[in-house]
Amino acid sequence: MTALITHEVAMVALQAGIQKAKELDQRSSLSIVDVGGHLVAFARVEDAAFGTIEIANNKAYTAAALRKSSDTWMSLSQPGQELYGIERSCARPFVVFGGGLPVTVNGNVVGGVGVSGGPEEADVAIADAMVAVLQAK
């Protein structure tokens, strides 16, 4: 049986992400999805731009759906490369820049997290904080 991301653990992970966002002084949206890409938990830190909401959700979805960090696809999705256009290949867009990470338990992807609002390095740091909680529980 595949491990599930419970609401209780997701809320703890969101708190870790919010704490990291505040530490980095980032106004971000944070998203956690399950193995099917369905939203489990979400938070929007004070004054995060509303455009970050959908991007965070799509980063989490991308990480869960493609089972790799969202930035994996950047170089492969450039014009002339083998996955050019992947970000528009489905009804729900894939994100090809950093901030989306898969959540794995015993080598199996059980979901994804996505963060949007800051520079890529900050989004990844916040996502890392969330994944650490989700993979530890």
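Student: Is the crossing of α1 and α3 left-handed or right-handed?
Tutor: The crossing of α1 and α3 is right-handed, a term used when the near helix is turned clockwise from the far one by less than a right angle, with anticlockwise giving left-handed. This is a predicted model, in which local features need pLDDT of at least 70, side-chain atom pairs count only at pLDDT 80 or more, and totals for chains, interfaces and linings use all residues. Residues are numbered from 1 along each chain as its sequence is written, and side-chain values use heavy atoms, with hydrogens and water left out.

Student: OK, and at what angle do α1 and α3 pack?
Tutor: Helix α1 (residues 7-23) and helix α3 (residues 120-136) pack at about 150°, and their axes are 8 Å apart; the axes are lines fitted to C-alpha atoms over the stretch in contact, with angles from 0 to 180 degrees between N-to-C directions. That makes α1 roughly antiparallel to α3, the word for angles over 145 degrees. Helices here are DSSP runs of H or I with at least four residues, and strands are E runs of at least two, numbered from the N terminus.

Student: Which residues of α1 make the contact?
Tutor: Among them are Val-9, Val-12, Ala-13, Ala-16, Gly-17 and Lys-20 of α1, which meet residues of α3 including Ile-126, Met-130 and Val-133, where contact means heavy atoms within 4.5 Å.

Student: What else do the buried residues of α3 pack against?
Tutor: Besides α1, they pack against α2 (51-66) and the strands β1 (29-34), β3 (100-105) and β4 (108-116). The buried residues of α3 include Asp-123, Ile-126, Met-130 and Leu-134, buried meaning under 20% relative accessible area with a 1.4 Å probe and protein chains only.

Student: Switching to α2, what covers its buried residues?
Tutor: The cover includes β1, β2 (39-44), β3, β4 and α3, and the buried residues of α2 include Asn-57, Asn-58, Lys-59 and Tyr-61. Just after α2, Arg-67 takes a positive phi of about 60°.

Student: And zooming out, how many helices and strands does the chain have?
Tutor: The chain has three helices and four strands, running α-β-β-α-β-β-α from the N terminus on, and 46% of its 137 residues count as buried.

How values were computed:
Angles under 35 degrees count as roughly parallel, over 145 as roughly antiparallel, 65 to 115 as roughly perpendicular and the rest as oblique. Buried means under 20% relative accessible area, exposed over 50%, partly exposed in between (1.4 Å probe, protein chains only).
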